[in-house]
Every structure is written in structure tokens, then in C-alpha cells.
Amino acid sequence: MTRLSALCALLTVGVVMAAPPAFEVASVKPAAPGESGPGDIPRNMDNSPGHFIMRNVPLRYCLEWAYDLKDYEISGPEWIKAENRFDIEATAPGASENDMRLMLQTLLLDRFQMKVHRETKNLDVYALLPGKGPLKVKEATADEQTALGSGEGGGAKFTKQPISRFTFLLSRRMDKPAIDMTGLKGLYDFTIDLSGLGFNGNPPTDTSAPSIFTTVQENLGLRLEAQKAPIQILVVDHAEKTPTAN
């Protein structure tokens with residue numbers, strides 16, 4: 001064996017044997033019966049440096065954060081959506097947020113004996129596209145504080161938010177995921193009437209309210225269009241309902 005081939009062999013072995021990133025200490029256990037609902041992911045996390053906490057969350061929420069995905073980008077057994085909930089506590093001093101995402105991937109794969117793969121599927125979506133008239137969202141200024149609340153007339157007011165924050169909201173409330181295809185990359189201020197938008201694809205309470213398709217055009221100068229789009233999916237082929245012991 002030449003010196004060059006020996007060096008290549010050593011490098012190959014080093015790559016193969018490199019351990020995946022892992023938390024220094026980690027606990028994964030089923031949530032206690034009667035524990036309060038999960039809310040959204042940030043409210044279940046400890047933002048102090050070197051600590052990671054998620055409480056009373058379904059496995060799907062854990063996967064969303066670990067792989068930086070939206071809920072429609074994950075496919076797997078029905079129970080991972082809401083049926084079984086878990087508490088996760090871990091420490092990793094000095095780890096960045098990206099490091100912790102990788103560490104959580106390692107933890108979930110190990111403790112749930114999980115097998116996953118990725119594939120691309122053509123999904124029915126709502127594409128958010130440029131409208132035919134002038135754009136009605138305004139670029140945010142540097143001194144604004146990021147916020148999401150109520151505007152005049154009961155509309156939803158987005159302050160210093162990316163357009164993707166709006167499509168995230170639409171995906172949670174409509175019958176298909178919404179995809180940002182506007183090409184708008186900055187942070188914007190806008191207000192939109194959502195009174196004609198139901199929840200989880202159900203009709204709104206006020207059936208006389210203007211549809212979301214109308215208000216997207218009138219309030220934002222954009223348009224929503226139903227179409228198919230290729231979306232990369234994380235597929236959970238197998239996961240145990242009970243994590244292995246800590």
C-alpha cells in the first residue's frame with residue numbers, strides 16, 4: 001500500500017467512525033397524564049444557553065424542530081401527530097442552536113429506535129404569488145420591533161415579519177399547506193382581514209366574510225392559487241411509541 005493510499009484509508013476510517021453530535025446529558029420520557037397542552041414549540045423550550053427543554057409535545061413537534069421542517073413536510077404513523085406526548089430535557093454547554101438541532105436528531109433516532117428517509121412528493125398546495133396590481137406590503141424599518149397582533153377592524157397585523165410567517169399561519173388554518181412563491185425576501189409590515197378564514201380547513205364562523213383569496217389580493221396585492229408543487233418530505237418508516245430508558 002502506498003503512503004497516499006494509506007493516508008486515504010485512515011481519513012476514510014476517521015469519517016466513518018466519527019460520532020454523531022449528541023447532548024451531554026439527555027432525558028426523554030412520556031409526559032405525565034393530565035399535563036397541560038403543548039402550545040407552540042417556542043413556549044416549550046428553554047432558551048438559556050446550553051439547555052434544551054420541550055414539554056408535553058408529540059413526536060412530530062420534536063421532528064419539526066430537529067430537522068427545521070413544517071408539519072406538512074413530515075409523514076409517518078398517525079400517533080406521532082398528537083396521540084403520544086413526551087418531555088425532553090437535555091444539556092449541551094456551548095452548543096449553538098444548529099448544534100442542538102443535530103443533537104436532537106441523534107437523540108430521537110436513538111431513543112425511539114427511529115428509521116427515516118427523505119423523498120419528494122407532489123403535494124396539493126396553495127401558492128402565494130405576486131398579484132396583478134401594486135404590492136401592498138411595506139418594507140419594515142430597522143428600528144421596528146417584530147410583532148404579530150390585531151390591527152384596525154380586527155385584521156391580523158404583521159410587523160417586521162417575513163412573508164413566510166404569513167404562509168405558516170395559512171398552512172395551519174387551511175386545508176392545504178401554503179407555500180411562499182412571492183420572491184419577497186425581506187421583512188414587511190402588513191395587515192390582512194382573516195375573518196373569512198376558518199381553522200384546519202373548516203369554514204369560518206362568519207360565512208358572509210370575504211374569502212382569504214379576496215383579502216390576500218385586496219389587502220396585500222398578492223394572490224393565492226391552488227396548484228401542485230414538489231415538496232421534500234421526511235418519512236418516518238418506524239418509531240417506537242415508548243422511548244428507551246434514560
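Predicted model: local features only at pLDDT ≥ 70, side-chain atom pairs only at ≥ 80, totals over all residues.
Strands here are DSSP runs of E with at least two residues, helices are runs of H or I with at least four, and both are numbered from the N terminus; two strands pair if DSSP finds at least two bridges between them.

Strand 6 pairs with strand 10 (residues 188-192) in the antiparallel sense, over two bridges, and within this pairing E139 stands opposite Y188 of strand 10.

## Two residues and their surroundings

T167 lies in helix 4 and, at 4% relative accessibility, counts as buried. Buried means under 20% relative accessible area, exposed over 50%, and partly exposed in between, using a 1.4 Å probe and protein chains only. When neighbours within four places in sequence are left aside, T167 is in contact (heavy atoms within 4.5 Å) with L128, A178, I179 and D180.

S27, found in strand 1 (residues 25-30), is partly exposed, its relative accessible area being 22%. With its neighbours within four places in sequence again left aside, S27 is in contact with D87, I88, E89, R111 and N246. S27 and A90 are 63 residues apart in sequence, while their C-alpha atoms are 6.2 Å apart in space.

## The second largest pocket

The second largest pocket holds about 400 Å³ of space, and of the 17 residues that line it, R60, D71, Y72, I74 and K81 are the closest to its centre. A pocket is an open set of points, on a 1 Å grid over the protein atoms alone, where a 1.4 Å probe fits, with protein on both sides within 12 Å along at least five of seven lines; lining residues have an atom within 4 Å of a point.

Strand 3 (74-75) and helix 4 each supply at least two residues of this lining, which by class has six nonpolar, four polar and seven charged residues.

## Basis of the values

Residues are numbered from 1 along each chain as its sequence is written, and side-chain values use heavy atoms, leaving out hydrogens and water. Local features need pLDDT of at least 70 and side-chain atom pairs count only at pLDDT 80 or more, whereas totals for chains, interfaces and linings use all residues.

Methods: Points joined across faces, edges and corners; volume = space filled by probe spheres on them. Nonpolar A, V, L, I, M, F, W, Y, C, P; charged D, E, K, R; others polar.
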